Amino acid sequence: MSFEIILTLVVVVVMMVLLMLEKFDPLIVFFLAVTVFLTADIITTEEAVAGFANKGVLTIAMIFIITAAARNSGSLDFLASSILKIKNQNNPHMLRLFLPTTLLSAFVNNTPVVATIASFFTEWGRENKVVLSKYLIPISFAGIFGGICTLIGTSTNLVVSGLLEQFGYQPLGMFELTPIGLPLAIIGIIYLYFFSRYFLPERESSYEKMGKEYKEYLLEMYVKDDSELIGKRIEDAELRNLKGVYLTGIIRENEIISPVKPSNVIVAGDILTFAGKIDTIDDLLEIKGLEIRPESHEYFDLLSKGKASFFEAVVSLNSPLVDKTPKEINFRHQYNAVILAVNRQGERIVEKIGNIRFKPGDTLFIIADEDFSKQWERGNDFFYTTKKEGKIKPDKKSSFIVGAVFIAMILLAALNIKSLLFMGFIGVSVIILSKSFSLNKLKSAIDLKILVMIALAFGVGRAIENSGTAHFIASNIYSMVDSFPPFIIMIIIYFIVMIITEVVTNNSAAIIMLPIALRVGNLAGIA
């Protein structure tokens, strides 16, 4: 075993461990891996940056823009709302959810498709008393099924197609995956329809739980500097025997005191958290020296006048909120809203809200003015926001232009008249020139972090090939399966890739395993 193979194996293993532990940003991990391979002369500078000019990566960028334009025009919202125009409110008709989700996800990035349909269904389900936990995971899987049906169904398909071309093979055609992917998608939908209801639990969402807490609301009250309560014990201040409300905790700078003991002493600046029915909350306002925190008071007043609402917003993967606190981003002024609570993985975070450092997937429960949903539901800040008011009407002109561009792009690429990337450039140009999508929105639509990571991963894939690691691993795998039929060998490769995707992203797993899979295929005479 040569030094290059040993080094490559070590780097790849360390890289996968770091990705699994999530101690570093994936982009940093891939950058460092490529740097090591460059330093060791396993790859050249040209090979290290080849991914940035790869057709698959550039096509993903075009798809990002066109998908964002489709969502921005309101066409995805219109489709989602049309799907949920169900006459029989006692039956959500799972196929009405699954089939359109799968179909759309075959041609549009499945994240906005699933996010749009799921957010509309979530609101519809709450209005019609539907158990949401039975349907949201299946909707996600329905989107995944669509992704395996066409070349543009997922970014991974485009990455693999670009890698194949890099290694001297023909790239994948638009519908080359369809004969295999479509039957699998149909089988998956049938399984979801008949069996998912038996395996998924019936449980309240974090939103529904918080909705109940609003009725028995947890309210933060601020101890003023001149309060008569300062220096008194909780018991002496008679805060434990209030009618209809009870003291649940004290937030003192960065310290959380919970549960509260009768002997705890109140100090200036304490934030006292009370739980109780909303109609008894006025009793707290009569306690001298306590006040609703100024930022909350304004929105509670608007709420009582019908000018504000409760909203649920989920922090997206690439949100500017990630790793920031509400104080650092000045949340109130940035979003014209006040955070009441933050849930992480279904649990309340027992910490002063202003000091919470947001993570992707955090669910924010907020009071905001009427324009919050309209302003932020289509941005990158939040994966989705609940919409209490009416739906935003789609822009018919923009919807028509974006739809026509997308259909033309797919047809011409499918007929091999022009490449998908070429049609992507033309399509994006038409969308921009027609003013269906602004340049500012275009900037936010392209996820540069993901694109750069994928491009760097191409350098890792090339290192696996150049160092002889692909041949070394493939030879050892083939020596164990050489007596098996080709179909069984493909199944084994499939399961190896599936296991790796449990550790790293789909794109990373594909880039790491494709050179090895091609070598195994060559040895077995099937590639």
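Author: What follows looks at one helix pair, then at a few other places in the chain. The model is a predicted one.

The pair is helix 4, residues 55–72, and helix 17, residues 396–414. In general, two packed helices are described by the angle between their axes and the distance between the axes. Here the axes come within 9 Å and cross at roughly 145°. The crossing of helix 4 and helix 17 is left-handed. On the side of helix 4, the contact is made by Ile63, Ile66, Ala69 and Ala70. Helix 17 contributes Val402, Phe406 and Met409.

Helix 17 also holds Ser398. Is Ser398 buried or exposed? Buried means under 20% relative accessible area. Ser398 has 7% relative accessibility, so this serine counts as buried. Leaving out residues up to four places away in sequence, Ser398 touches Ser73 and Ser436.

Ser161 lies in helix 9, which covers residues 155–166. The relative accessibility of Ser161 is 7%, and therefore Ser161 counts as buried. Once neighbours within four places in sequence are set aside, the residues in contact with Ser161 are Leu151, Pro171 and Leu172.

Because its relative accessibility is 40%, Phe195 counts as partly exposed. Phe195 belongs to a nonpolar patch on the surface.

Now for the chain as a whole. The protein chain has 23 helices and 10 strands. It consists of 527 residues, and 48% of them count as buried; Ser398 and Ser161 are among the buried residues. The accessible surface of the chain comes to about 26,700 Å². Carbon and sulfur atoms account for 60% of that surface.

Contacts can also be sorted by separation in sequence. Among contacts in the chain with a separation of 6 or more, 76% are between residues 24 or more positions apart. The helix pair gives examples to look for in the model: Ile63 and Ala70 of helix 4, with Phe406 and Met409 of helix 17, are among the residues that make the contact.

Note on methods. Residues are numbered from 1 along each chain as its sequence is written. This is a predicted model: local features need pLDDT of at least 70, side-chain atom pairs count only at pLDDT 80 or more; totals for chains, interfaces and linings use all residues. Side-chain values use heavy atoms; hydrogens and water are left out. Patches are made of residues with over 30% relative accessible area and no salt bridge: like charges are joined within 9 Å, nonpolar side chains (Val, Leu, Ile, Met, Phe, Trp, Tyr) within 5 Å. Accessible areas come from the Shrake-Rupley method with a 1.4 Å probe; for residues, only the protein chains shown count as cover. A salt bridge is a side-chain nitrogen of Lys or Arg within 4 Å of a carboxyl oxygen of Asp or Glu. Buried means under 20% relative accessible area, exposed over 50%, partly exposed in between (1.4 Å probe, protein chains only). Helices (H or I, at least four residues) and strands (E, at least two) are DSSP runs, numbered from the N terminus. Contact means heavy atoms within 4.5 Å. Axes are lines fitted to C-alpha atoms, for helices over the stretch in contact, and angles run from 0 to 180 degrees between N-to-C directions. A crossing is left-handed if the near helix is turned anticlockwise from the far one by less than a right angle, and right-handed if clockwise.
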